[in-house]
Amino acid sequence: MRRAFVVHHARSGVVALNVVTAAVQGRVRVVFARGRDELVRELTEAKCRGEQPIAGWSFYSPDFPGTAEDLRFVQERVAAVTHVAGGVHASAEPLQTLRAGFDLAAIGEGETTAVRLLVEGQDPATIPGLAWLEGSRLQSNGPGERRPLDDFPAFNAPAGKWNAIVYACSFCQTPFMFKARFRHRSVSNVREHIRRMKRDGVRYMRFLTPTCLSYGSSDTSVNLDAVEDLLAAVREEMPGGRIYFGTFPSECRPEHVTEASLRVLRKYVDNDTLVIGGQSGSERLLRETHRGHGVDDVVTAVRLAIASGFRPDVDFLLGLPGETDGDRAQSLSLARRLVELGARIHSHAFMPLPGTPLRGAAPSAIDGETVREMERMESAGSMYGQWRRHRQVADQLVTLRAAPR
């Protein structure tokens with residue numbers, strides 16, 4: 001029986017689904033459903049066509065409650081469908097994911113797992129990278145096979161599903177899904193992706209990385225020759241296009257921002273903003289969260305970026321575990337200093353994301369005076385961000401963590 005891979009192409013999972021569907025595109029019928037109602041229609045249509053429908057889902061932890069509700073909605077309306085969940089939350093919390101009603105949880109990288117399940121039709125119990133329930137007990141074949149990034153496309157070009165071409169601190173979720181190890185697409189592979197984009201009329205390139213100037217390195221160091229080789233190749237392939245590098249949701253580590261690195265960026269990129277990961281004005285918290293830089297590094301990075309013609313957007317993260325009133329005061333003081341230099345502050349609130357070293361930690365409360373100061377800075381246009389939403393998500397994650405398992 002021919003299989004149809006019908007994916008819930010919504011919320012935070014779209015990029016992952018673009019990659020996984022690209023791995024099987026052309027060998028099974030792939031359908032993108034932009035919400036639960038459309039997913040019901042497409043699954044029903046697949047069954048009417050005599051196909052075996054497999055529903056694909058991917059989501060980050062903040063979207064888990066809403067996705068679980070969408071799953072119940074779909075299952076009430078379409079029976080006899082295998083629902084497979086992947087992404088960082090399914091990898092970090094497979095038991096919770098399966099108990100929400102998913103039939104299979106994909107752990108780790110899903111491209112090879114998807115090929116074996118959807119194209120080759122292997123028994124899920126024999127495929128590395130899948131987990132399932134037997135009764136109430138979790139069964140798993142371990143994480144999916146890690147392959148070089150060049151082995152699979154970075155997006156689904158035949159379907160026109162484009163995304164950025166895609167080491168670690170204690171509070172970021174995605175790097176820890178991949179064990180916080182550095183891997184990069186080769187320059188020749190990036191060139192080929194650009195050619196495919198150009199054929200479809202796309203004239204800009206965006207890169208997604210938590211440390212943009214580490215391209216070509218196997219660790220946290222900078223390899224400026226590799227960065228320049230990459231950017232020069234992109235410019236050669238797309239001479240009239242636009243290159244976005246070091247812009248949200250990517251960032252530059254502050255200790256990587258030097259006169260030399262900025263000269264390379266200024267030579268090739270089109271973005272006038274540069275996202276710098278400052279995170280805190282507390283030296284103690286920077287040490288305890290293993291950021292690998294200090295406050296002076298942040299200030300220096302901002303000064304250098306402004307001198308090179310970039311406007312720095314500096315990420316700050318409040319509500320970290322163990323954060324004190326004094327720590328928050330130091331962060332606000334640093335934020336005001338950076339604003340005076342010409343930066344903007346991109347504010348976040350800590351979320352105990354599953355799969356990270358701080359997954360079991362309790363967020364610190366953000367006191368009223370800090371909230372009022374942040375609101376004043378927002379009103380003045382010197383601060384922006386989703387920190388209010390992050391606080392709500394943090395409460396949801398704490399509640400989920402406390403639920404019986």
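How many bridges join strand 1 to strand 3, and in which sense do they run? Five bridges join strand 1 to strand 3 (residues 52-58), and the two run parallel. Helices and strands here are DSSP runs numbered from the N terminus, where a helix (H or I) has at least four residues and a strand (E) at least two; two strands pair if DSSP finds at least two bridges between them.

Before we walk on, a word about the model. This is a predicted model, in which local features need pLDDT of at least 70 and side-chain atom pairs count only at pLDDT 80 or more, while totals for chains, interfaces and linings use all residues. Residues are numbered from 1 along each chain as its sequence is written, and side-chain values use heavy atoms, with hydrogens and water left out.

Let us stay with strand 1 (residues 3-8) for a moment. Five of its six residues are buried, so strand 1 is largely enclosed by the rest of the structure; buried means under 20% relative accessible area, exposed over 50%, and partly exposed in between, using a 1.4 Å probe and protein chains only. Val7 has Gly56 as its bridge partner in strand 3. Strand 1 also pairs with strand 2 (residues 29-33), in the parallel sense and over five bridges, and there Val6 has Val31 as its bridge partner. To get from strand 1 to strand 2 the chain passes through helix 1 (residues 14-24), and this β-α-β crossover is right-handed. That term applies if, with the strands pointing away from the viewer, the path from the first strand over the helix to the second runs clockwise.

Rings of Phe, Tyr and Trp (its six-membered ring) pair if their centres lie within 6.5 Å; planes under 30 degrees apart count as stacked, over 60 as edge-to-face and the rest as tilted. By this rule there are six aromatic pairs. In one of them, the rings of Trp57 and Phe102 have centres 5.6 Å apart and planes at 80°, so the pair is edge-to-face. Trp57 lies in strand 3, whereas Phe102 sits in the loop between helix 5 (94-99) and strand 5 (104-106), so the pair ties together parts that are 45 residues apart in sequence. Both Trp57 and Phe102 are buried.

A second example joins Tyr204 and Tyr244, whose ring centres are 6.3 Å apart and whose planes stand at 75°, so this pair is edge-to-face. It links distant parts of the chain, with Tyr204 in strand 8 (residues 204-206) and Tyr244 in strand 9 (residues 242-244), 40 residues apart. Tyr204 is partly exposed, at a relative accessible area of 45%, whereas Tyr244 is buried, at 18%.

Back at Trp57, we find one aromatic cluster formed by Trp57, Phe59, Phe64 and Phe102. Thr67, in helix 3 (residues 64-77), is in contact with Arg11, Trp57, Phe59 and Phe102, leaving aside neighbours within four places in sequence; contact means heavy atoms within 4.5 Å. Thr67 is buried, with a relative accessible area of 3%.

Now for the interior. In soluble globular proteins, nonpolar side chains tend to be buried together. A nonpolar core is a set of buried Ala, Val, Leu, Ile, Met, Phe, Trp, Tyr and Cys residues joined through side-chain atoms within 4.5 Å. The largest one has 54 residues, and Phe207, Leu231, Phe245 and Leu338 have the most contacts inside it. Helix 12 (residues 295-307) gives the most to this core, with six residues. A second, separate core of 26 residues includes Ala55, Ala68, Val74 and Ala85.

Four strands form an open sheet in the order 10-11-12-13, with parallel pairing. Its edge strands, each pairing on one side only, are strand 10 (273-279) and strand 13 (383-385). Strand 12 (residues 344-349) pairs with strand 13 over three bridges in the parallel sense, and Ser347 has Gly385 as its bridge partner in strand 13.

Our last stop is Arg389, in helix 15 (residues 387-402). Arg389 is partly exposed, with a relative accessible area of 35%. Not counting residues up to four places away in sequence, Arg389 touches Pro62 and Gln396. The C-alpha atoms of Arg389 and Ala349 are separated by 8.3 Å, although the two residues are 40 residues apart along the chain.
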